[in-house]
Amino acid sequence: MTTTTSQSADIARLLSPKRIAVVGASDDIVRIRGRVMHLLLKRGYTGEVFPVTPSRAEVQGLKAYPRVGDVPGGVDLALVAVPAGLVLGVLEDCAAAKVGAAVIFSSGFAEEGGEMAEVQAEMVALSRRTGLRIIGPNAMGFYNILDRTAATFSPAAEIAPVDAPLPDHGIAVVAQSGGLGFALYNRGVRRSLPFTHVVATGNEADLEALDFADALLDDPRVAQLMMFIEGVKNGDKLVPLARKAARLGKPVIMAKVGRSVAAQRAAASHTASLTGSDAAYDAIFDRYGVIRADDQDEMIDIAAAFSVGPLPRGRRVAIVTSSGGSGSWMADAIEQAGLSVPLLSEELQARIRPLIPSYGATQNPVDITAQGLAAFDTVIEALAESAETDAVVIVAPLGSVGAVSAFSPEALKAAIAKAGKPVVFYSYTPPSPDVSALMAGLGTTIFTTLTGCAAALAHLVRYREAVERLAHADPGPAAAPDSSEALAGLPAGACMLTEVQAKRLLAAAGIPVTEEELATSADAAVAAATRLGGKVALKLMSPQLPHKTDAGAVLLNIEGEAAIRDGYAQLTGPVAAALPGIDIHGVLVQRMAAPGVEMIAGVTVDPDFGPLVMIGAGGIFVEILKDVAVSPAPIDRAEALRMIGRLKSMALLDGARGRPRADIEALADLVVRLSDLALATADRVREIDVNPIFVRPDGVVAVDALARLEAAARPAPAIRPQPLAAAGE
């Protein structure tokens, strides 16, 4: 759920306190407990500050008080910098004195383990009991730049001049790591980006990163969020946060660590192994327009791109350069990022041609040459005004203010303001701080790497597409369908289902499955094959045998009574004997399905985010190819088609190299039905794997499937399989 109105108000008060107590205050500004107070006083805080320490009558020139409760008139916020063993007592004092919130800089709690983890648990209980809101422990605090409240010990708080102008709107940073959160601010200030807040949440005994992010989205001065997280305690907060940010048009740029295989869950199905914990985050980010970045510089580049004005309407980029080689290199980077550098129309080229030397180029990139710098303004204005381009990149060396003397800042500012699209610079020499500040004032920004510039523009495009998609096609939270029919007759305990049982689930959801019968004798297998007609597959059924092909428990293209009896005997005899301890349910006699493009679909119920639905290239090499798309349920038809369209195997479905086009619409319907089934059964069905699915020109069919159940909350009568008769009985 999203942050409650009450909690949002608590956070707003916490970030804008009028009266602050510094508990453990010291005159030694090198130590944390002295530096916190020093920064608070020196960074322009206009409220009242009260040092709290029993050992001094005065600290840093201000009257000190022995305890928080001794401060006359009370305080809004306590900044706690005392040894870990004293923190709980200080919090009790804060609660008794009706302090609204506390920032705990002290470390050595849950991150240390043992009895100190129990002390942190006591903090949580105190917060719940008294209403005292807590940042930390082990936190670096926060810096509310707009209200000049530096409640932190981070040296990054001093990176900007005290009298620096406050932005009308800007970037809020929320991080579980204080060092990284303030490092983002540090780097961004050096790029002349505007910031509103930096919040470092530490161990999150009470308030979490997502709580602050949600509350900050409500601040009209916050235009975008940068976040660093290692994980979330309450996954149900992430999707509402992402949806809210998209609705408000406020980009969320997220660094989420934990991509390694070691961080993923082990599971029985292909689906679960392909949708581990990190893939779950990726799926949610992709669905709801959250932009994932891999390092600090990428985050800053993306934030810089979002700071320069309207989003691009499409993927067409015009490049203006004074260096032909640099312009060509930028064109390569732009196209590798998924954007285009289109040939300009003859009309637009004709407008540009008289402005540059005859040996320049007008096609795109537009090379004005080093001799044509005086025409920079006019060329940029022509491209910025043109409906043929969605963004403009200017390639130029900006190492000094003298480098921009060839064009008029006023004219450039006017052209950028009129453009209605991003107009950005790439400098192939390190730009000077003065030039960076100048360009920020003109409404643009300077990138220092080709790939950073190209990737940032591509993120703008994808973000716009995501926001538009969510506004028009996202189904939103949906009530789960009735699960009674789907779950009828399934075992009550935790177990893997056989293919037969898993397909009952699929059929109940309206998903087409193969024609088949379960046989518990050779005679029954022959009779089933006769009724089905044609060639059949024989499959040994056991809940302990999720991957039958790997165990040699599948026989294909079997025809004729003798062959069926021999196959049944082989599966229930030597094959079963080689698999000791498995519970044999019988042999599935399955009519051989007409072939098609092999796909896989599945569901895994993530412990944080609920059902995730996967579609991808199927068959026996699915985990090698890893051509999959994942999205959280609920999924509508538009989202299902988008997932399929993202696959490399889309070319096969679409009829590559003269093949007939597969029924992509039927495959999308299967994904939607699987999503509905996942929502209906999420409390019991933890994994579903449908592999392969044959996608033919006239429809789809689920050829094989498995599922894993969690124990029912209330035991239900289990339907036991018939005992397996001896082969030939």
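1. Five cavities of 30 Å³ or more turn up when the whole structure is searched, a cavity being a set of points on a 1 Å grid over the protein atoms alone where a 1.4 Å probe fits but cannot get out. This is a predicted model, in which local features need pLDDT of at least 70 and side-chain atom pairs pLDDT 80 or more, while totals for chains, interfaces and linings use all residues. Residues are numbered from 1 along each chain as its sequence is written, and side-chain values use heavy atoms, with hydrogens and water left out.

2. The largest cavity has a volume of about 50 Å³, volume being the space filled by probe spheres set on grid points that are joined across faces, edges and corners. Among the residues that line the largest cavity are Leu497, Met541, Lys548 and Leu706, lining residues being those with an atom within 4 Å of a point.

3. The largest pocket, by contrast an open set with protein on both sides within 12 Å along at least five of seven lines, has a volume of about 1,200 Å³. Its lining comprises 50 residues, with Pro167, Ser192, Leu193, Pro194 and Ala440 nearest the centre. Helix H15 gives the largest share of this lining, six residues, where helices are DSSP runs (H or I, at least four residues) numbered from the N terminus.

4. The end C-alpha atoms of helix H16 (residues 450-472) are 34 Å apart, which agrees with the 33 Å that its 23 residues should span at 1.5 Å a residue, the expected span being 1.5 Å times one less than the number of residues.

Technical notes:
Helices (H or I, at least four residues) and strands (E, at least two) are DSSP runs, numbered from the N terminus.
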